[in-house]
Amino acid sequence: MKTKQGFILRNVCGENIIVAEGETNIDFSNIISMNETSAFLWNNIQGKEFTHDDLVDLLTETYQVDAQKALEDVTRLVENWKSAGIIE
Amino acid sequence: MDYYFEIAEHYIKISQLDGNIPLLSLLPSFQPFLCDAVSDEELLFGFTIDNHLKAVDKSRRHPIRTFDTGNGDTVVDKLSDGGYQYVVKNINRDACALLICDKDFRTCSCALNGSLNMQSFGLNNALMLTMAFAGSKRDTVLIHASLVRNNNYGYAFIAKSGTGKSTHVSLWLRFIPDCDLMNDDNPIIRLINGTPYIYGSPWSGKTPCYRKVKARLGAITQIARARENSIEHLSVVNAFATLLPSCSSMKWDADIFNHICSIVSDIMAKTPIYTLHCRADRHAAELCHQTITAE
């Protein structure tokens, strides 16, 4: 998987918000808000290929969470990102 | 012949190379914004009307999109040098203006076509586009809003076309003391040292309200029709999602779009954003006034 081009994470008055930009995203008018953890993951995988395991590693290295729980969260998050149309 | 205008405390120069129609006949709404000459360094942009201007060769541009503006189509092409070409068409899909700009919208040339009405329509729209995109680099945004002044603050109302922002503003003018209309369609917000101010402009939709006026921005309120009147203060995420689409932008140009997003964020840091769910009645105006002028 990788993040789609032009989906830039911004800090808007303290909130993490993704807005689409660029010629290929003219019709994408949704605005996506992310919590701190999702934003942390997003920033670390911008523009790279990534797997579920990469995200799990990022989580367990940075937060006090075991791999099993991290994988559950990551699975749910990736589903969310897919349905939001921001990864491919 | 050169003409200078001051809009939102920015200076613009319009040079008319040819054409047999006097500029102010094409741009009657700009009359209140006429000002004395300034040096080229002080200009937000310079705009030349040159009816001999030709469309850029197809090998040096690629199409972005044709946008339906509600009053006609605007055809946008990106040039290989980073600039843009716009063709402004009216409701009958006749080309009224050809606009060619550099990537910063600092230097623009425009050819006009057709009857007085067509040329006037084309020129007004070409200037509005240029103002919006040149302004984005100078902490300035055009917002699709109706704007009322009360107690030296400007209160902007946004909504999808036809939802009744003008109607709501007319209720303020009728029932709230000491109010005046600053603009009814496209006022301009500008951050000065981080503080948002809102200005009248030469673009005011169907209401002829072209005023060189300025006020501190008090609040921005989205109007939504409802059976009962109520008002909510929007969270950051909702406020951003509400405000961003009301500001003139070009999301295919990362540079300009980034500027617009940060201006909107900076406006929100200093300005409460509301949604007013309302009927078109006196109580709606009173509830809104009482709430949004309290901050």
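The model is a predicted one, in which local features need pLDDT of at least 70 and side-chain atom pairs count only at pLDDT 80 or more, whereas totals for chains, interfaces and linings use all residues. Residues are numbered from 1 along each chain as its sequence is written, and chains are lettered from A and ligands numbered from 1 in the order in which they are written.

Within H6(B), which spans residues 282–292, the buried positions are B:Ala284, B:Ala285, B:Cys288, B:His289 and B:Ile292. These residues lie on the same side of H6(B) because they cover an arc of only 125° around the axis, the arc being that of the directions from the helix axis to the C-beta atoms. The cover over them includes strands E12 (153–158), E16 (214–225), E17 (230–233) and E18 (273–278) together with helix H3 (165–175), each of chain B; helices (H or I, at least four residues) and strands (E, at least two) are DSSP runs numbered from the N terminus.

Between the chains, 15 residues of chain B are in contact with 15 residues of chain A, contact requiring that the C-beta atoms of two residues, placed from the backbone, lie within 7 Å. On the chain B side, strand E5 (61–68), helix H4 (236–243) and helix H5 (254–270) are the elements that give two or more residues, and H5(B) gives the most, with six residues. By class, this side has 12 nonpolar, one polar and two charged residues, where Ala, Val, Leu, Ile, Met, Phe, Trp, Tyr, Cys and Pro count as nonpolar, Asp, Glu, Lys and Arg as charged, and the others, Gly among them, as polar.

In chain A, A:Ile18 lies in strand E2 (residues 15–20) and is buried, because 21 other C-beta atoms are found within 10 Å. When residues up to four places away in sequence are not counted, A:Ile18 touches A:Phe7, A:Ile8, A:Leu9, A:Ile32, A:Met34 and A:Ile86. The C-alpha atoms of A:Ile18 and A:Met34 are separated by 7.7 Å, although the two residues are 16 residues apart along the chain.

Definitions and conventions. A residue is buried if 20 or more other C-beta atoms lie within 10 Å of its own, exposed if 12 or fewer, and partly exposed in between; C-beta atoms are placed from the backbone.
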